[in-house]
Amino acid sequence: RKPENKLYIFSTGDSAKAAIEGLKTWQDARGNSIQLGGVILAYPQLQLENAKATEPKFIEPVSQLKLPVYIFQTAKKLNLEVAEELIATFEQGGSIVYSELVTDTADGYLQGKANSEEEMLQLSVFPAQLTQALDKLTEVPAQPAELITAKESAQPPLQEHPTKQLAPDLRLEDLDGKTHDLKDYRGKVVLLNFWATWCPPCIKE
């Protein structure tokens with residue numbers, strides 16, 4: 001990707017094992033390489049073959065990678081305990097991890113196994129989601145892999161905005177006709193979701 005010309009790896013399902021092992025081999029052979037920008041995984045299967053679902057364990061490179069990671073998890077039949085433990089294992093090794101849940105999908109929908117209208121819809125918008133994931137990974141500041149520690153990567157869930165600037169005035173009506181003033185929520189966390197009628201995923205949401 002320009003202008004940095006960094007390399008980003010994308011992999012899905014069972015293929016993620018080979019991708020992660022290959023990236024670790026790259027790091028072992030070349031040391032810290034700023035050429036590697038990160039890895040994007042869709043419903044990765046990184047558990048050891050004999051691991052129990054109640055006690056998830058992953059291939060060794062997961063805890064050693066030290067690269068920014070973006071994970072797309074499918075909502076159908078998602079084992080939340082495994083998904084959370086996977087993120088924690090990446091972070092223990094020094095990786096900064098982002099995770100996104102793709103609604104109405106099952107594993108394989110990106111590999112010609114989309115079996116429903118909802119999965120076809122999610123498949124059609126995945127290029128945009130992939131672009132957003134790449135943009136997120138490019139925001140991660142470059143630093144030597146050996147200096148990244150689990151402590152440094154464990155960012156607090158909420159961070160104060162550096163500009164100290166207050167949000168602009170905003171008053172809107174909800175679906176019941178009640179007026180909400182943004183000033184009334186000062187000091188609280190507010191999520192504003194702007195969407196469009198021409199956006200199929202927005203309408204679905």
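This is a predicted model: local features need pLDDT of at least 70, side-chain atom pairs count only at pLDDT 80 or more; totals for chains, interfaces and linings use all residues.

Residues are numbered from 1 along each chain as its sequence is written, and side-chain values use heavy atoms, with hydrogens and water left out.

Rings of Phe, Tyr and Trp (its six-membered ring) pair if their centres lie within 6.5 Å; planes under 30 degrees apart count as stacked, over 60 as edge-to-face and the rest as tilted. By this rule there are five aromatic pairs. The rings of tyrosine 43 and tyrosine 109 have centres 6.2 Å apart and planes at 50°, so this pair is tilted. Tyrosine 43 is buried (under 20% relative accessible area; exposed is over 50%, partly exposed in between, with a 1.4 Å probe and protein chains only), at 3%. Tyrosine 109 is also buried, at 1%. A second tilted pair joins tyrosine 70 and phenylalanine 72, with 5.0 Å between centres and 45° between planes. Phe10, Tyr70, Phe72, Tyr98 and Phe126 form one aromatic cluster.

Helices (H or I, at least four residues) and strands (E, at least two) are DSSP runs, numbered from the N terminus. In helix 2, the residues Val82, Ala83, Leu86, Thr89 and Phe90 are buried. They cover an arc of only 125° around the axis, taken from the directions from the helix axis to the C-beta atoms, which puts them on the same side of helix 2. The face turned away from that buried side carries the exposed residues Leu80 and Gln92. Just after helix 2, glycine 94 takes a positive phi of about 105°.
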